[in-house]
Amino acid sequence: MLIAQISDTHILAPGSDHPAADSRAADLEACVADINGLRPDAVILTGDTVQHGGPLEYARLHGLLAPLEAPLYLIPGNRDHGSAMRRAFSELAYLPENGEFLHYAIEDHPLRLVGLDSTLPGERKGFFCAARQTWLDQTLASAAERPTLLFIHHPPFDVEDHYVGGYRRPEEAEALAAIVTGHPQVLRLTCGHVHCATERQWAGSVATTMPSVAVDVRKGVDESIARQRPIYLLHRLTEAGELVSELRALPETAAAAEPVAAQ
Ligand SMILES: [Fe+2]
């Protein structure tokens, strides 16, 4: 099974005067075309899908993702607006129609996909409140034998020196680690938000962060790899049941703005 992960696309509305409005769209467009060529089984998008959460941004994002041939699984980031995202992607039946959180488990693939909503409207930091703790623990307990990929926008650990204390309440990040430790079928946690590539051992599993698809907001350690190239992440479940992940960098797209700090 092959999964493509894109993250932090930060799409802007058509006609926006932001200098990266067109380059971000071009970066995502290039990734979508490349992903289709690899014929993955699923595509996950780990939040900050648009810049401000407005309907014109979501309409543009929807159009850019429409060519994807594989099923698309979205979770929100702090830049997203949950109800606007739900409206724009109303055809995605797995997104809960009601309720506070946009999270879900997908049972259609050899690897179980569990997407967790770590956002709170108007807040930049991550949240893993008691209701989310119960949901994740019960969801993981309901299929303990199924190898699982967990994806969350906010990493529940510090990354370099630009992402420290990313959860509003540190004890919630600790609770997340404790729950995953109790469910060893979680082969990997993969996150967005920090816009750079890292990997670590975490909670008895492996945790990965990935660069933004959009080159103008990319940070940190991946600069030596491909500063001006659209990047996404591939996760392959091998016959042996191992999950192998690798960054995939594409040729440069036309217009790349100077770096801008944005998470
Ligand atoms: Fe972001």
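Mentor: Gladly! Let us begin with a term: two strands pair if DSSP finds at least two bridges between them. Strands here are DSSP runs of E with at least two residues, helices are runs of H or I with at least four residues, and both are numbered from the N terminus. Please keep in mind that this is a predicted model, where local features need pLDDT of at least 70, side-chain atom pairs count only at pLDDT 80 or more, and totals for chains, interfaces and linings use all residues. Residues are numbered from 1 along each chain as its sequence is written.

Now find Ile-44, which stands opposite Tyr-73 in strand 3. Strand 2 (residues 42-46) and strand 3 (residues 72-75) are paired in the parallel sense, over 4 bridges. To get from strand 2 to strand 3 the chain passes through helix 2, and this β-α-β crossover is right-handed (with the strands pointing away from the viewer, the path from the first strand over the helix to the second runs clockwise).

Ile-44 also stands opposite a residue named Gln-5.

Axes are lines fitted to C-alpha atoms, for helices over the stretch in contact, and angles run from 0 to 180 degrees between N-to-C directions. Residues are in contact if their C-beta atoms, placed from the backbone, lie within 7 Å.

Helix 1 (residues 21-38) also meets helix 2 (residues 55-65): their axes come within 9 Å and cross at roughly 30°. The two helices are therefore roughly parallel to each other, a label for angles under 35 degrees. Helix 1 brings Ala-25, Leu-28, Glu-29 and Val-32 to the contact, and helix 2 brings Arg-60, Leu-64 and Leu-65. Those residues divide into 5 nonpolar, no polar and 2 charged (Ala, Val, Leu, Ile, Met, Phe, Trp, Tyr, Cys and Pro count as nonpolar, Asp, Glu, Lys and Arg as charged, and the others, Gly among them, as polar).

How values were computed:
Parallel < 35°, antiparallel > 145°, perpendicular 65-115°, else oblique. Contact = placed C-beta atoms within 7 Å.
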